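Reader: I have the model open and want to go through some of the packing. Can we take the helices, then the sheet, then a few local details?

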Amino acid sequence: MTDVLLWWVIIQLFGLAALPLSFRLFRWLPDRGYTFAKSLGLLLVSYLLWLGASSYLIQNNTAGILVALLVTGGLSLFIYIWRQKRPEEEGQPTLPSFLVENRNLVILVEVLFTLAFVLWVVLRAYAAGKIMSAGGEKFMEITFLNGILRSPNFPPLDAWLSGFSISYYYFGYVMIGIMTRLSGVAAGVGFELYDALLFALTVQGSFGVVYNLIAGSRRLKSERRARTTQALGYGLLGSLFVALMGNLEGLFEGLHSLGIIPAWFWEWINIPDLASAATSGSFYPGDAGGWWWWRGSRVLADLDFSGKLVTIPPISEFPFFSFLLGDNHPHVLGLPFVILAIALALNLLRRQTSDRRPQTDDRGLRTVEGDAGITARPAAWWNPIATVFEGDWVTFVIYAVALGALGFLNTWDLPIYLALVSLAYGAGVYARSRQPLDRDLILRTGALFVAWLVSGLALYAFFYAGFSSQAGGILPYVFPPTRLPQYLIQFGPFIFVAICFLAAYLIGRARQGNPRSVLNVALKGWGWIVAICLGFYALVLIGARLLYALSQAFQKLIVDTGVNVAFGNLSLAEAVGASLKARLLNPWLFILLTLLLALCIAALLWRPASTGEAAPRERIHAGAAKGADEAGGAQPAASSDIFAFLLILIGLALTLSVEFFYLRDIFGYRMNTVFKFYFQGWVMLACASAYGVWWMLNRSERILGPVVKWSFLSVSVILVLLAMIYPTMAFWSRVKGFTTQPNLDGTSEIASGNPDDWAAIEWLNTNVTGAPVILEAPGGLYEYYGRISAFTGLPTVLGWAVHEEQWRGSYTEQGLRQPDIATIFTTHDANDALELLKKWQVQYVIVGASEKTYIQRVCDEPGRTCNLTAALRKFETSFTPVFTQGQMTIYAVP
């Protein structure tokens, strides 16, 4: 309990340190960034520690963390005071007065954060299965954490490949290390508590996004108090949608468990492994279903052209499943910070549509005051600091630090959220100016994207300098497309809200002008979307096959199996023919998503015919034109509406893109691309859907009447309740009905199940300083090997070899080490072993039960003449034991 309280206090300190900065940075949001201060504080402290330790200005220790915290607080306070003197802050509340005036918001946010943190601490304490026995990637993740805790500077050592640093996006593990070191808890406890902290930050951040969307939505001044109250309630709905709601797979699990639906239905729905799952006779799968909730993250059944499941099916995780599983994997580690990026995007959009935006006209051009009065002076489109931030380079840099961090946390997220924030700027300028979409705005938006990309890479250059990846380009997805029923199992409630929201909004907008013009914009948008999809797909098809042909022509010994897998071992013509046939037979998902994307584009771009002059700002921002509002929303579109449509647009585009291409990796299939894109699609669609529910219940009645409003509410409630089946049953299953002994130490099962190994780990952690190289038996995938290096952070010659290949995109180094390791352990000659140990600079050799199993396995290989007894004798006679317990002995290399 003390550890939990200490973590709560530490994250509060981080939030307080960043609060003055957050208050100024998010000055365009109703909550002034209060709901994002903790995430921002954790990010900035971690960045300063990492930057300082990478440049050897400070060390990765407690003192270094405290220096980073003090610098964060000092810079935050300085920027707050400095910004207070700027003209646009005149008449604006100070931080203390804001906190007093908005105390209901402050209290609710802190209670929500605390309850979420405690809830997930309880789950982690009772969750059956800890770091090794709970599956997933926990063994890898605790290795990263202990390696970072062992490293005085960065980049941190790779505990599974001695002499190398981690080649992975490890920023999230730096954050875990900071919290673990400051609190003084063991790494296993810190591992579990950080999952609870991530959950609480995600709940708070998603609340903040939806709160700001609703509280900042344009309504009459007389309605502001009611709107703020609504924003608090619907903010909770946003937290529910993002972090607590599941997909609809839980409904099908329950129905299957009952055993009352015929087998043909399960064959048709084809959720992988569900048809063959055990039944309990009740709706709750219970223990008979084992880890039944795992299937919720694998609802898509990718088939090859023969109708068989592909070797590696796609992953369709969503936040609740990820938190339930408890893997501190990069997609989860980055979740609070992608929500921070969403808030930054909303903040930037509202900046463009705000009356308080300084020195610009309605086209986003700088204005200057001279003898001729106020005139517009266009800044160079390639200079976003001037065109977007009016010379405010501090804000630009803070944005760059926050957005660039996504590439270090989970590289997949960087281009996604750079696109969102850049498009938010463009959409804001477009909405404010009421001018046609022109080349200048497109160039400025593109320049902003490039500037943040370059800045983000530069700010994290120490990371990218040593980073290698398994990514190998883009491959086409030629196999049969995702079936619409399976897609709706994943995203059904969000799709329903999006359809209703977009339809009602566009109907209301059409009543302001010519309805045919709305239809024309939507049809043109649909045509462009279809053309872009097919054109890009064709380019990827031809490009992939051309590269394969060139590799065969110039390097005939090289067979590009990745391209062969992607094409189903067919020629280009055969693959195209089979793919087109499969898509023509199953076009429903493509039709649905492209039509929804077209509606999003229409909602963002369409506007009634006008004189082309900018609308009066009081109409733009105060919504005083009540008649227009009752007809479906005043003109131009409110910033919250625009942003919700952007979230829907990008969220749907992410889920559509995987039907045409995927990023190539060592797995050969689209598993990871679906995983990463669906996950971010969920976050965006969830936030937009929570706002969409509020919009439908507060505005649709004026457009379509009460019947539609109440019908929408009824169906939405049903869908949400069905989606809550999964988290309700899965939570109970994960904690085994609270029948287990609560325990927050993720290493406890290793300690109890392998006491000799754990005693050796504790001895090494207590008696060995620095990072001397050890040698233990290497492992493959998800085996109980590499365990000493994993729990001490001491680098071993080789740990999980296949994971190293995934991180580095190559098996070369592992291939060099494996024969030497086998020789060291199996040779009967101590001198041969000693020579190789010196080659790899090994100081300690681990000989435990795992090593004995490894030696026996190697000796059993054809052609080997070794035996276990003689192999062990060389250690006993020629090396000095420094620790012995049971089957475990640690030898010092002479």
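Reader: What is the hand of the crossing where α20 passes α29?

Author: Left-handed. Keep in mind throughout that this is a predicted model.

Reader: How far apart are the axes of α20 and α29, and at what angle do they cross?

Author: The axes of α20 (residues 484–510) and α29 come within 9 Å and cross at roughly 160 degrees. With the cut-off for that term at over 145 degrees, α20 is therefore roughly antiparallel to α29.

Reader: Which residues make that contact?

Author: From α20 there are Pro493, Phe496, Val497 and Cys500. From α29 there are Phe712, Val715, Ser716, Leu719 and Ala723. By class, the contact of α20 with α29 has 8 nonpolar residues, 1 polar and no charged ones.

Reader: α29 also packs on α28. What are the numbers there?

Author: Helix α28 covers residues 671–704 and helix α29 covers 706–723. Their axes come within 7 Å, and the crossing angle is roughly 155 degrees. That makes α28 roughly antiparallel to α29.

Reader: And is that crossing left-handed or right-handed?

Author: The crossing of α28 and α29 is right-handed, whereas α20 passes α29 in a left-handed crossing.

Reader: Another helix pair, then. How do α14 and α27 pack?

Author: Helix α14 (residues 335–352) and helix α27 (residues 639–657) pack at an angle of about 140 degrees, with axes 10 Å apart. α14 and α27 are therefore oblique to each other. Their crossing is right-handed.

Reader: What meets what between α14 and α27?

Author: Ile342, Ala345, Leu346, Leu349 and Arg350 of α14 meet Ser639, Ile642, Phe643, Leu646 and Leu647 of α27. The classes come to 8 nonpolar, 1 polar and 1 charged.

Reader: On to the sheet. In what order do the 4 strands run?

Author: The order is β5-β6-β8-β7, in an open sheet with mixed pairing. At the edges are β5 (773–775) and β7 (880–885), each pairing on one side only. From one strand to the next the twist averages 20 degrees.

Reader: How many bridges hold β6 and β8?

Author: There are 4 bridges between β6 (residues 842–847) and β8 (residues 888–892), in the antiparallel sense. One place to look is Tyr844, whose bridge partner in β8 is Ala892.

Reader: What about β7 and β8?

Author: β7 and β8 pair in the antiparallel sense over 5 bridges. Thr884 stands opposite Thr889 of β8. The hairpin of β7 and β8 has 2 residues between the strands, and Gly886 there takes a positive phi near 55 degrees.

Reader: Which residue other than glycine has a positive phi?

Author: Asp273 is one, with phi near 70 degrees. Asp273 is found in the loop between α11 (263–269) and α12 (319–325).

Reader: Where is there a cis peptide bond?

Author: One joins Phe154 and Pro155, with omega about 10 degrees. Pro155 has its place in the loop between α6 (138–150) and α7 (171–183).

Reader: Last topic, aromatics. How many pairs does the structure hold?

Author: It holds 79 aromatic pairs. Take Phe113 and Phe117: the ring centres are 6.3 Å apart and the planes are at 10 degrees, so that pair is stacked.

Reader: Where do Phe113 and Phe117 lie?

Author: Both lie in helix α5 (residues 103–126). Phe113 and Phe117 are 4 residues apart, about one turn of the helix.

Terms used. Residues are numbered from 1 along each chain as its sequence is written. This is a predicted model: local features need pLDDT of at least 70, side-chain atom pairs count only at pLDDT 80 or more; totals for chains, interfaces and linings use all residues. Side-chain values use heavy atoms; hydrogens and water are left out. Axes are lines fitted to C-alpha atoms, for helices over the stretch in contact, and angles run from 0 to 180 degrees between N-to-C directions. Angles under 35 degrees count as roughly parallel, over 145 as roughly antiparallel, 65 to 115 as roughly perpendicular and the rest as oblique. A crossing is left-handed if the near helix is turned anticlockwise from the far one by less than a right angle, and right-handed if clockwise. Two strands pair if DSSP finds at least two bridges between them. Rings of Phe, Tyr and Trp (its six-membered ring) pair if their centres lie within 6.5 Å; planes under 30 degrees apart count as stacked, over 60 as edge-to-face and the rest as tilted. Contact means heavy atoms within 4.5 Å. Ala, Val, Leu, Ile, Met, Phe, Trp, Tyr, Cys and Pro count as nonpolar, Asp, Glu, Lys and Arg as charged, and the others, Gly among them, as polar.
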